[in-house]
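Morning, everyone. Please look at the structure as I go.

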Amino acid sequence: MPGTEGDVTTGLLVAGLVVLVGALVQGAVGYGMNLIAAPLLTLLDPALVPTPLLLIASTHAVLAVLRERGSTDWPGVGWVMVGRLPGTALGVLAVATLPHGPFGAVVGVAVLVCVLLSVTSWHPRPVAGPLVVAGVAAGALGTAVSIGGPPVALLYQHSEGARIRATLAAVFALGSTMSVIGLVIAGQVTVAHLIAAAWLVPFLVAGFALSSRARRILDAGRMRTAVLTVAVASSIALIVRSALG
C-alpha cells in the first residue's frame with residue numbers, strides 16, 4: 001500500500017476488519033463475502049482484489065466445508081460445477097464485449113426479480129436442471145461482476161442452514177481453486193499477493209469463528225430471510241455500482 005508505515009498499518013487494519021465482517025456474514029449465511037469485501041478492499045487498495053481476496057475466500061470456503069462437512073449436497077455441487085465452466089467463459093465474454101455498467105444493472109434487476117418471484121409464486125428446488133443453470137449464472141456473474149452466490153443460494157433457500165452453507169462453501173472452494181490455478185498458470189499470483197493474504201488470514205479466522213454463534217441464531221427459523229436479504233443486497237449493490245459507473 002502507498003504512504004507511510006502508519007498509513008500502511010492503518011490500511012491493513014481497516015482491510016482486516018472488512019474481511020472479518022465479510023467472513024462473519026458468509027460463515028453465517030453461506031455467501032456474501034465478496035459483496036462486502038470486494039468494493040471496500042478495491043477502494044482501500046486495488047492490489048487486494050482479486051488475487052489476495054480470492055486466496056482468502058478459498059481459505060474461508062475450505063473452513064466452512066470442514067465445519068459442516070456432513071451437510072454438503074455433493075450431487076448438487078457436481079451439477080453446479082457442470083454449469084460453472086461454460087458460465088465462466090460467458091463471464092469472460094461479457095467482460096470483453098459488454099459495457100460493464102449496463103450489464104451489472106441488468107444482472108441486479110434479474111436477481112431482484114428472482115427474489116420477488118421466490119416469495120410469491122416461484123418455489124425453487126435444487127435439482128439437476130436448475131442447478132446446472134444456476135452454475136452457469138454463478139460462473140458468469142462471479143467472473144464478470146464478482147458476485148456469483150445468489151443464483152445457487154436462491155435454489156437452496158428452503159433447505160436447512162447447514163446444508164445451504166456447506167453446499168455453497170463446496171461450490172466456492174472448487175470454483176476458487178480453479179480460479180487460483182488459472183491465476184498461477186497466468187503468472188498473476190506474486191509473493192506480494194501471498195503476503196497480503198497472509199496478513200488478512202487472522203481477521204478471516206476471527207470472522208469465521210464469530211459466525212458460529214450467528215449461524216445458530218439464523219438456524220432458528222431465520223435462514224431463508226437471511227439468504228433473501230443478502231441476495232437483495234447483492235442486486236442493489238450491482239445496480240448502484242452500475243449507476244455510479
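This is a predicted model: local features need pLDDT of at least 70, side-chain atom pairs count only at pLDDT 80 or more; totals for chains, interfaces and linings use all residues.

How many salt bridges does the structure hold? Four. I will go through three of them.

Start with Glu68 and Arg165. Their side chains meet in a salt bridge, 2.9 Å from N to O. Where do the two residues sit? Glu68 lies in the loop between helix H3 (51–67) and helix H4 (74–97), and Arg165 lies in helix H8, residues 161–185. They are 97 residues apart in sequence, so this pair ties together separate parts of the chain.

Buried or exposed? Take Glu68. It is buried, at 7% relative accessible area. Arg165 is buried as well, at 2%.

Now the next partner. Arg215 also forms a salt bridge with Glu68, and here the closest N and O atoms are 2.8 Å apart. Arg215 belongs to helix H9, residues 191–218, while Glu68 is in the H3–H4 loop, so this bridge ties together parts 147 residues apart in sequence. Arg215 is buried too, with a relative accessible area of 17%. The cut-off for buried is under 20%.

Back to Arg165. It forms a salt bridge with Asp219, with the closest N and O atoms 2.9 Å apart. Asp219 sits in the loop between H9 and helix H10 (223–243), and the pair is 54 residues apart. Asp219 is partly exposed, at 38% relative accessible area.

Glu68, Arg165, Arg215 and Asp219 are linked in a network of salt bridges. That's my part; over to you.

Note on methods. Residues are numbered from 1 along each chain as its sequence is written. Side-chain values use heavy atoms; hydrogens and water are left out. Helices (H or I, at least four residues) and strands (E, at least two) are DSSP runs, numbered from the N terminus. Buried means under 20% relative accessible area, exposed over 50%, partly exposed in between (1.4 Å probe, protein chains only).
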